[in-house]
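Please walk through the salt bridges and the nonpolar cores of the structure shown here.

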Amino acid sequence: MSHLHSRPSAPDVQGRIQHITPASANWRYVGFDVVLLKAGDTQTFDTAGNEVCAVVVSGRVDIKTRDETFLNIGDRESVFEDKAPFAVYVPPKDTITVTALNDAEVALCSAPAKGELSARLIKPEDCEVSVRGTGTNTRHIRNIMMNNVMAEKLLITEVITPNGHWSSYPPHKHDTDSLPSESALEETYYHKLNPQQGFAFQRVYTDDRSIDETISVEHNSVVMVPKGYHPVGAPHGYDLYYLNVMAGPKREWVFHNDPDHEWMLK
């Protein structure tokens, strides 16, 4: 199996089915956990030196930090509903206590930060929703924490790719700190399929092919993109969702298309 692919595990003592740290991913910035909670379950997480965005993937929860309480947030049963999520931003040196009001799934997206911002609720109406691409390159975007919401390092978005369509396409990369032409950002893709028994494909490759892997992703898989181009294809019959988390030395998303494939944009 590819070292860039993390399959879901059985829930650990904190309910985590994914637990990716900068150390385990062999990079510097992005951390990513997925927590499954049964109704009535409560779990507490320490943000340590990171800012954390807790995205309510599905279900309803209460989220408490040391100073703030956000009650009864989340209003979708599935990511494939036409709804943006609720989320809570939490600064470093804080705690996140999540209590499930019904069966719930929460993603904890993290990156190192100084603590310049306070805890706050991100509502669905705060998210930017758009459609990108044409034909079989059409996909549906829900920006949770891009230019629409402030953070120190984190950039977070959701994408729905209809079955038979391509996404993150034409292939692009953001691995070189050369602004204004390109930014350097690590990235995780958290994939879900509808129906759940489906699969999709993600290729990660660099110009020199020092990385060149094609990964068959399944429901609740994570693909880590340390560098390189990273297109995704959804087979006929299976709609694809992914939650993207990006972070790097500068909080700017400026990408570079693979010149071999950029012709299709013209």
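Which side chain meets Glu 105 in a salt bridge? In this predicted model, the partner is Lys 192, at 3.0 Å from N to O. Lys 192 is buried, with a relative accessible area of 6%, and Glu 105 is buried with a relative accessible area of 6%.

The structure holds 13 salt bridges. Another of them pairs Glu 218 with Arg 7, at 3.7 Å from N to O. Glu 218 sits in the loop between β19 (212-217) and β20 (222-225), and Arg 7 in the loop between β1 (5-6) and β2 (16-20), so parts that are 211 residues apart in sequence are tied together. Glu 218 is partly exposed, with a relative accessible area of 39%; Arg 7 is partly exposed at 41%.

A salt bridge also joins Asp 33 and Arg 16, at 3.7 Å from N to O. Asp 33 lies in strand β3 (residues 31-37) and Arg 16 in strand β2, 17 residues apart. Both Asp 33 and Arg 16 are buried. Through shared partners, salt bridges join Asp 12, Arg 16 and Asp 33 into one network.

Turning to the nonpolar residues, the largest core has 34 residues, of which Phe 32, Met 145, Ile 156 and Leu 243 touch the most other members. Strand β22 (residues 239-247) supplies the largest share of this core, 4 residues. Apart from this core lies another, of 19 residues, including Val 35, Val 52, Phe 70 and Ile 96. Beyond its neighbours within four places in sequence, Ile 156 is in contact with residues including Cys 53, Val 55, Cys 109 and Leu 243.

Definitions and conventions: Residues numbered from 1 in each chain as written. Predicted model: local features only at pLDDT ≥ 70, side-chain atom pairs only at ≥ 80, totals over all residues. Heavy atoms only, no water. Core = buried A, V, L, I, M, F, W, Y, C linked by side-chain atoms within 4.5 Å. Buried < 20%, exposed > 50% of the residue type's maximum accessible area, 1.4 Å probe, protein only. Helix = DSSP H or I, 4+ residues; strand = E, 2+ residues; numbered from the N terminus. Contact = heavy atoms within 4.5 Å. Salt bridge = Lys/Arg side-chain N within 4 Å of Asp/Glu carboxyl O.
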